[in-house]
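Reader: Got a fold to walk through with you. Can we start with the sheet and then do the helices?
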Amino acid sequence: DSGEYGRYVSLISNQTISDFYFEMAPPKLLADTARVAHHVNEVHAGSGGLQTPFTGKGVIIGYVDTGIDFTHPDFMNPDSSTRVLRYWDHTVTTGPSPGTYGYGTVWDSTAINNGTCTSTDSHSHGTTVAGFGSGNAFANGRMKGMAPESDIIIVESNFSAPNWTLTIADACDYIFKVADSLGKPAIVNLSLGTYFGSHDGNDPAAEAMEAMAWP
């Protein structure tokens, strides 16, 4: 108010303070401009020249990361069942590993729904990434992801594993094989990496993943 303003002007005149600043803007949760910049609202609505809406329905998105908090409502169906089809945890060895990979423990949606899956995201990075990609905003009606009706496959990476990049290649292979078994298209999100290595696309893991994309 004017009295407060006058007091600060007086303090400046007396050289008690050099300047002052009134913070008027209320705080907001951000990270929502991507929907505007990439016309996600129009894509979900099927407008802007599109003939049909695209929401990720019928598509699997695989996330290789730190896991996921599958108890979050944004990763559930309307009946509260999970949207996570598989959860392969590279850091746990107590259960069956998928296929011929020979390590980690895999959980299916039944294990998640009945509460026997013990893996979760203890870091939060994987949950955040999956939210950007597949969150359906069931928690509060806001911050809907890019593909809110997509199915989800999670691979929790073991960052201490030897030949770590090859385990990422295994994760991609697993995601695509599950998708093929279900007759669905799949994409993989890898929001992780390393500062070491060639980064020229010619290392064994990169070549293996390239062969999956262009067999």
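Author: First a term: two strands pair if DSSP finds at least two bridges between them. Strands (E, at least two residues) and helices (H or I, at least four) are DSSP runs, numbered from the N terminus. This is a predicted model, where local features need pLDDT of at least 70, side-chain atom pairs count only at pLDDT 80 or more, and totals for chains, interfaces and linings use all residues. Residues are numbered from 1 along each chain as its sequence is written, and side-chain values use heavy atoms, with hydrogens and water left out.

Reader: Fine. How do β2 and β3 run, and how many bridges join them?
Author: Antiparallel, with four bridges. Asp89 has Thr105 in β3 as its bridge partner.

Reader: And what is the strand order in the sheet?
Author: β3-β2-β4-β1-β5, five strands in an open sheet with mixed pairing. β3 and β5 stand at the edges with a single partner strand each, so one side of each has no neighbour in the sheet.

Reader: Which way do β1 and β4 run?
Author: Parallel, joined by six bridges. Val64 pairs with Val155 in β4. β2 and β4 are parallel too, with five bridges. There, Arg86 has Ile153 as its partner.

Reader: Is β4 buried or exposed?
Author: Six of its six residues are buried, meaning under 20% relative accessible area with a 1.4 Å probe, protein chains only. Asp151, Ile153 and Val155 are on one side, and Ile152, Ile154 and Glu156 on the other.

Reader: Switching to helices. How many residues of α5 are buried?
Author: Seven of 10, in a helix spanning 125–134. Among them are Gly126, Val129 and Gly133.

Reader: What covers them?
Author: The cover includes β1, β4 and β5, by contact, which means heavy atoms within 4.5 Å.

Reader: Now α6 and α7. At what angle do they pack?
Author: About 10°, with axes 8 Å apart. Axes are lines fitted to C-alpha atoms, for helices over the stretch in contact, and angles run from 0 to 180 degrees between N-to-C directions. The two helices are therefore roughly parallel, the label for angles under 35 degrees.

Reader: Which residues meet there?
Author: From α6, they include Leu166, Ile168, Cys172 and Phe176. From α7, Ala208, Met209 and Met212 are among them. The contact residues divide into 10 nonpolar, one polar and one charged. Ala, Val, Leu, Ile, Met, Phe, Trp, Tyr, Cys and Pro count as nonpolar, Asp, Glu, Lys and Arg as charged, and the others, Gly among them, as polar.

Terms used. Buried < 20%, exposed > 50% of the residue type's maximum accessible area, 1.4 Å probe, protein only. Parallel < 35°, antiparallel > 145°, perpendicular 65-115°, else oblique.
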